[in-house]
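This report is meant for a reader who is meeting the structure for the first time. Please keep the sequence and the model in view while reading.

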Amino acid sequence: MDKQMLSLQEQQGSDWDRATNHSILRSIAAVADNRELLASGNRFVSAKGAELFSYLPAYYETSRIMHADMETKGIEMDALYHALEETFQQFFVCTATWGIGYWENELGIVSDATKPLEQRRAVVESKLRGGGKFSGALVKNVAEAYDGGTVKVTFQPERWNFTIQFVDTHGIPPNLDDLKAAIEEIKPAHLSIEYKFSYLLIREIHEIKTLTEMEAIPLSKFAGGAV
């Protein structure tokens, strides 16, 4: 009887040892998996989640639960910070997107959602620049807000006229009508205005651009091309 009990105890002990060893091996494997996961450069989808996780004590390093918790919270924080950054951008004309309508409303500009965003920004920017005493500098400032390039303004006082010449832009600017409306608003009624445009000439780009590059340029930018 004693021998049977001893044999049973030995067997139970052996089973316990095997189970314990198996558990230890599983734990070691899990730790190794976690460390491999944590060592990966893409362990966090959320940037804020990774930042939050870095503040935790070291003993959470291999915790999948804490990893998932920080990832979830980080995703929410990412969305919050993105919304804050996007809202901040609406305070500046050059970066405004969905907020451009508020600028237009504040300045009395009729909103046209069909126009490209860059053209709508140019109208707002020109309106902001259009205050003050009428001068060549004012006209130049307003015109360059639309064109985005260099504009030359010359006056012909004997003809009660002034000219706006587009230096950097080839062809007719796409938002010329908006520019004309802005200039009409700031110029004295007795002054007439002329617009001069720059066009590409074949001799200027011959042996400079390849045939493929030339074919990619719209005809409206060439002298005599279609408008």
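## Overall fold

The model shown here is a predicted one. Its protein chain holds nine helices and three strands, and these elements follow one another along the sequence in the pattern α-α-α-α-α-α-β-β-α-β-α-α.

Of the 227 residues in the protein chain, 28% are buried. The accessible surface of the chain amounts to about 15500 Å², and carbon and sulfur atoms account for 58% of that surface. When contacts between residues at least 6 apart in sequence are considered, 44% of them join residues that are at least 24 apart.

## The largest nonpolar core

In soluble globular proteins, nonpolar side chains tend to be buried together. Here the largest nonpolar core has 26 residues, and the ones with the most contacts inside it are Phe162, Ile164, Leu179, Ile183 and Tyr195. Two or more residues of this core come from each of the helices α5 (117–129), α6 (136–147) and α7 (176–186), and likewise from each of the strands β1 (151–156), β2 (161–170) and β3 (192–198).

Which residues does Ile183 contact, leaving aside its neighbours within four places in sequence? Ile183 is in contact with Val139 and Val142, with Phe162 and Ile164, and with Ile193 and Tyr195.

## Aromatic pairs

A search of the whole structure finds seven aromatic pairs. One of them joins Phe44 and Phe53, whose ring centres are 5.3 Å apart and whose planes stand at 50 degrees, so the pair counts as tilted. Both Phe44 and Phe53 are buried.

Phe166 and Phe197 form an aromatic pair that is stacked, with 5.5 Å from centre to centre and 5 degrees between the planes. This pair links distant parts of the chain, since Phe166 belongs to strand β2 and Phe197 to strand β3, 31 residues apart. Phe166 is buried, with a relative accessible area of 0%, whereas Phe197 has 25% relative accessibility and therefore counts as partly exposed.

## A nonpolar patch on the surface

Leu80, Tyr81 and Leu84 form a nonpolar patch on the surface, and together they have about 310 Å² of accessible area. Tyr81 counts as partly exposed because its relative accessibility is 43%, a value between the 20% limit for buried residues and the 50% limit for exposed ones.

Is Asn105 buried or exposed? At 62% relative accessibility, Asn105 counts as exposed, and its place is in helix α4, residues 100–106. Although Asn105 and Val124 are 19 residues apart along the chain, their C-alpha atoms are separated by 9.9 Å.

Lys115 sits in the loop between α4 and α5, and with 26% relative accessibility Lys115 counts as partly exposed. Not counting residues up to four places away in sequence, Lys115 touches Arg120 and Asp178. The C-alpha atoms of Lys115 and Asn175 are separated by 9.1 Å, while the two residues are 60 residues apart along the chain.

Notes:
Residues are numbered from 1 along each chain as its sequence is written. This is a predicted model: local features need pLDDT of at least 70, side-chain atom pairs count only at pLDDT 80 or more; totals for chains, interfaces and linings use all residues. Side-chain values use heavy atoms; hydrogens and water are left out. Helices (H or I, at least four residues) and strands (E, at least two) are DSSP runs, numbered from the N terminus. Buried means under 20% relative accessible area, exposed over 50%, partly exposed in between (1.4 Å probe, protein chains only). Contact means heavy atoms within 4.5 Å. Accessible areas come from the Shrake-Rupley method with a 1.4 Å probe; for residues, only the protein chains shown count as cover. Patches are made of residues with over 30% relative accessible area and no salt bridge: like charges are joined within 9 Å, nonpolar side chains (Val, Leu, Ile, Met, Phe, Trp, Tyr) within 5 Å. A salt bridge is a side-chain nitrogen of Lys or Arg within 4 Å of a carboxyl oxygen of Asp or Glu. A nonpolar core is a set of buried Ala, Val, Leu, Ile, Met, Phe, Trp, Tyr and Cys residues joined through side-chain atoms within 4.5 Å. Rings of Phe, Tyr and Trp (its six-membered ring) pair if their centres lie within 6.5 Å; planes under 30 degrees apart count as stacked, over 60 as edge-to-face and the rest as tilted.
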